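Okay, thanks everyone, let me get the next one up on the screen.

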Amino acid sequence: MRGGGPSDSDTEGLLSSLPTMWRDVAGIADVGPGGMLPISVDALELLLWRSVEGRLAACDRRCPHQWADLGAAGAVDGEELVCLSHHWRFDAAGWGSKLSVTGRRDEKAPVEVYEVEEREGRIRLRIDSSMTAD
Ligand code: FES
């Protein structure tokens, strides 16, 4: 018979049963068209960015290529986020590509994206327990 607190499997089961939460992370005016805002949510380092046309997106702050910090080495170009280290590009859904000077687009690794919404002047990010677990 074991005593005391819950086992690791008990804890995992409890965490996975917690509801998904929406977290208030910024004001809408903090990320204007073509803008970016690095944020931290618990252990997650993320980037909010908005396309020139106004579509809001959230992704991991680290580029999937060689881990450049997209908050420092990124820029919005039209409807895409570009990593200026080696010019990989990501759309709001996270799809990665590289555009050659001749216009050929090659698929690259995706960046992890997160669901965001804008409500009552605030930006909210959808978080579930698996995203913030150590
Ligand atoms: S580190 Fe981002 S494209 Fe290479």
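Let's begin with contacts: residues 24 or more positions apart make up 44% of the protein's contacts with a separation of 6 or more, where a contact is two C-beta atoms, placed from the backbone, within 7 Å. Before I go on, this is a predicted model, where local features need pLDDT of at least 70, side-chain atom pairs count only at pLDDT 80 or more, and totals for chains, interfaces and linings use all residues. Numbering runs from 1 along each chain as its sequence is written.

In the protein we have 3 helices and 12 strands, taken as DSSP runs numbered from the N terminus, with helices being H or I of at least four residues and strands E of at least two. Of the 134 residues, 19% count as buried, and that label takes 20 or more other C-beta atoms within 10 Å of the residue's own, against 12 or fewer for exposed, partly exposed in between, with C-beta atoms placed from the backbone.

Now the sheet. It's an open one of 5 strands, order S5-S6-S7-S8-S9, with antiparallel pairing; pairing here asks for at least two DSSP bridges between two strands. At the edges, pairing on one side only, sit S5 (74-77) and S9 (105-108). The twist from one strand to the next averages 35 degrees, using axes fitted to C-alpha atoms, and angles from 0 to 180 degrees between N-to-C directions. Look at S8, residues 96-99: with S9 it forms 4 bridges, antiparallel, and Ser 97 has Glu 107 of S9 as its bridge partner.

Setting aside neighbours within four places in sequence, Cys 59 touches, among others, Leu 46, Phe 90 and Val 111.

Most non-glycine residues have a negative phi. Asp 42, though, has a positive phi of about 55 degrees, in the loop between S2 (36-41) and S3. Asp 42 counts as exposed because it has 10 C-beta neighbours inside 10 Å. Glu 120 has a positive phi too, near 50 degrees.
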